[in-house]
Amino acid sequence: MDQALFLKIFAALFAIMNPIANLPVFLSMTADRGAGYERKVAFTLLISLSLGAIFIGVTGDAVLKVFGISLDAFRLAGGFLILLIALNLISGEKSKAHHGSEEERQNVDEQDNPAIYPLTVPILLGPGTISTMIIYRGRVTDTPQEIAYIAGVAAAIAVLVATFFAAPFLSRFLGQTSTSVMSRLMGMILAAIAMEMMVSSLKVLLPGLA
């Protein structure tokens, strides 16, 4: 397994999906419904995220080919989008790309099970997450990298869902301060990953810069 690729994929997805920062979101959507309901939502989330990741991994390259978009052009656009999300995390704001507009957030209370909408889409499996998966999928060229890609995505989803399953326990120890610190730390990591994507793509698209 390509350990470097595994760590990059895991770090990028962990920073974007940000289990600690999104834990209060999960708790607010399952409040006063009991531990059984929280487990139901977390399990549904595991299924939906897994299916979404498989779909993206299988169709990501095909979508780029259909629209005639090169991987480097998509990596530049994806890196810019991820940078915007990172800046929102650093400033403590919610990204509309992942958390939706005000009108969309008003529909949350109408959902019987928020695992699909809005938790999976758009909060956890939003444009930034999808872009990251497609970009790293495009780098896979051999079996060790294929294993690293699958393992990195699976590990990020596993940590996220495990955090939500442990929500009743973790909520006793995680306050606003720790959540804010984690959010900004993830934002810095995500910004660095976004810059690496953008610089790498620019070197290919504009060889004179190298």
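Leaving aside its neighbours within four places in sequence, which residues is Asn113 in contact with? The views below take this up and then move to other parts of the model.

This is a predicted model: local features need pLDDT of at least 70, side-chain atom pairs count only at pLDDT 80 or more, and totals for chains, interfaces and linings use all residues. Residues are numbered from 1 along each chain as its sequence is written, and side-chain values use heavy atoms, with hydrogens and water left out.

**View 1. Asn113 and its contacts.** Asn113 sits in the loop between helix 6 and helix 7. Helices (H or I, at least four residues) are DSSP runs, numbered from the N terminus. Neighbours within four places in sequence aside, Asn113 is in contact (heavy atoms within 4.5 Å) with Tyr37, Lys40, Val41 and Thr44. Ala62 is 51 residues from Asn113 in sequence and 32 Å away in space, C-alpha to C-alpha.

**View 2. Helix 3 against helix 7.** The axes of helix 3 (residues 35-66) and helix 7 (residues 115-124) come within 10 Å. They cross at roughly 50 degrees. Axes are lines fitted to C-alpha atoms, for helices over the stretch in contact, and angles run from 0 to 180 degrees between N-to-C directions. Val41, Thr44, Leu45, Ser48 and Leu49 of helix 3 meet Ala115, Ile116, Leu119, Thr120 and Leu124 of helix 7. The residues of this contact divide into seven nonpolar, three polar and no charged. Ala, Val, Leu, Ile, Met, Phe, Trp, Tyr, Cys and Pro count as nonpolar, Asp, Glu, Lys and Arg as charged, and the others, Gly among them, as polar.

**View 3. Two cis peptide bonds.** The bond from Tyr117 to Pro118 is cis, with omega near 10 degrees. Pro118 has its place in helix 7. The bond from Val121 to Pro122 is also cis, with omega near 10 degrees. Pro122 lies in helix 7. Most peptide bonds are trans.

**View 4. Helix 4 against helix 8.** The axes of helix 4 (residues 71-91) and helix 8 (residues 127-138) come within 9 Å and cross at roughly 145 degrees. Residues of helix 4 in the contact include Leu71, Phe74 and Arg75. Among those of helix 8 are Pro127, Gly128 and Ser131. The contact of helix 4 with helix 8 divides into eight nonpolar, five polar and one charged.

**View 5. Asn18 between two helices.** Asn18 is found in the loop between helix 1 (3-17) and helix 2 (19-30). Its phi is near 45 degrees, a positive value in a residue other than glycine. At 1% relative accessibility, Asn18 counts as buried (under 20% relative accessible area, 1.4 Å probe, protein chains only).

Notes: Buried means under 20% relative accessible area, exposed over 50%, partly exposed in between (1.4 Å probe, protein chains only).
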